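User: Hi! I'm new to protein structures and would like to learn how to read one feature by feature. Could we go through an example together?

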Amino acid sequence: PYEHVIANQMTTLDDLTTVLKETLESRGVLGRVRARIRAEVFRALDEESESKPRLSNENLLINELIREYLEFNRYQYACSVLLPESGQPSEPLDRRFFVQELGI
């Protein structure tokens with residue numbers, strides 16, 4: 001008799017898990033959580049690894065263009081990993097800088 005009750009509870013738990021996962025995925029929450037976890041893993045690995053070389057001006061500009069592309073296309077998860085891994089400042093450069101200095 002108890003085996004039937006346990007089996008029903010497991011099915012209900014599996015159904016609940018499935019519905020929650022689908023809901024979180026459809027709202028984009030699950031993707032953001034996964035991206036945040038990846039970013040934190042990179043951050044933790046960076047703390048333990050050799051220090052990175054100073055971010056050159058060229059790489060700063062290239063990374064900023066990549067950030068602009070990712071944000072324009074709403075690739076939030078990729079951008080959330082790029083910033084901590086590359087050492088790019090959290091505040092984006094002013095777009096006017098690219099227009100004035102680089103003509104783009």
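User: What relative accessible area does Tyr69 have, and how do I read that value?

Analyst: Some background before we start. This is a predicted model, in which local features need pLDDT of at least 70 and side-chain atom pairs count only at pLDDT 80 or more, while totals for chains, interfaces and linings use all residues. Residues are numbered from 1 along each chain as its sequence is written, and side-chain values use heavy atoms, with hydrogens and water left out. Now to your question: buried means under 20% relative accessible area, exposed means over 50%, and partly exposed lies in between (1.4 Å probe, protein chains only). Tyr69 has a relative accessible area of 47%, so it is partly exposed.

User: Which residue has a ring that pairs with the ring of Tyr69?

Analyst: Rings of Phe, Tyr and Trp (its six-membered ring) pair if their centres lie within 6.5 Å; planes under 30 degrees apart are stacked, over 60 edge-to-face, and the rest tilted. There is one aromatic pair in this structure. Its rings belong to Tyr69 and Tyr75, with centres 5.9 Å apart and planes at 65°, so the pair is edge-to-face. Tyr75 is partly exposed too, at 40% relative accessible area.

User: How many helices and strands does the protein chain have?

Analyst: Helices (H or I, at least four residues) and strands (E, at least two) are DSSP runs, numbered from the N terminus. The protein chain has five helices and zero strands, which gives the pattern α-α-α-α-α along the sequence. Of its 104 residues, 15% are buried.

User: Which residues does Tyr77 touch?

Analyst: Contact means heavy atoms within 4.5 Å. Tyr77 is part of helix 4 (residues 76-86). Apart from neighbours within four places in sequence, Tyr77 is in contact with Gly28, Gly31, Arg32 and Ala35. Tyr77 is partly exposed, at 31% relative accessible area, while the buried residues of helix 4 include Cys79, Val81 and Leu82. For the protein chain, among contacts between residues at least 6 apart in sequence, 63% join residues at least 24 apart.

User: Are Glu64 and Arg67 buried or exposed?

Analyst: Both Glu64 and Arg67 are buried; for Arg67 the relative accessibility is 1%. Their side chains form a salt bridge, with the closest N and O atoms 3.2 Å apart. An α-helix has 3.6 residues a turn, so residues three or four places apart point the same way. Glu64 and Arg67 are three residues apart in helix 3, about one turn of the helix. Not counting residues up to four places away in sequence, Arg67 touches several residues, among them Cys79, Leu82 and Glu91.

User: Which residues form a nonpolar patch on the surface?

Analyst: Patches are made of residues with over 30% relative accessible area and no salt bridge; like charges are joined within 9 Å, and nonpolar side chains (Val, Leu, Ile, Met, Phe, Trp, Tyr) within 5 Å. Accessible areas come from the Shrake-Rupley method with a 1.4 Å probe, and for residues only the protein chains shown count as cover. Val33, Ile37, Val41 and Leu45 form such a nonpolar patch, with about 340 Å² of accessible area together. Leu45 lies in helix 2 (residues 29-48) and is partly exposed, at 48%. The protein chain exposes about 8600 Å², and carbon and sulfur atoms supply 58% of that.

Definitions and conventions
A salt bridge is a side-chain nitrogen of Lys or Arg within 4 Å of a carboxyl oxygen of Asp or Glu.
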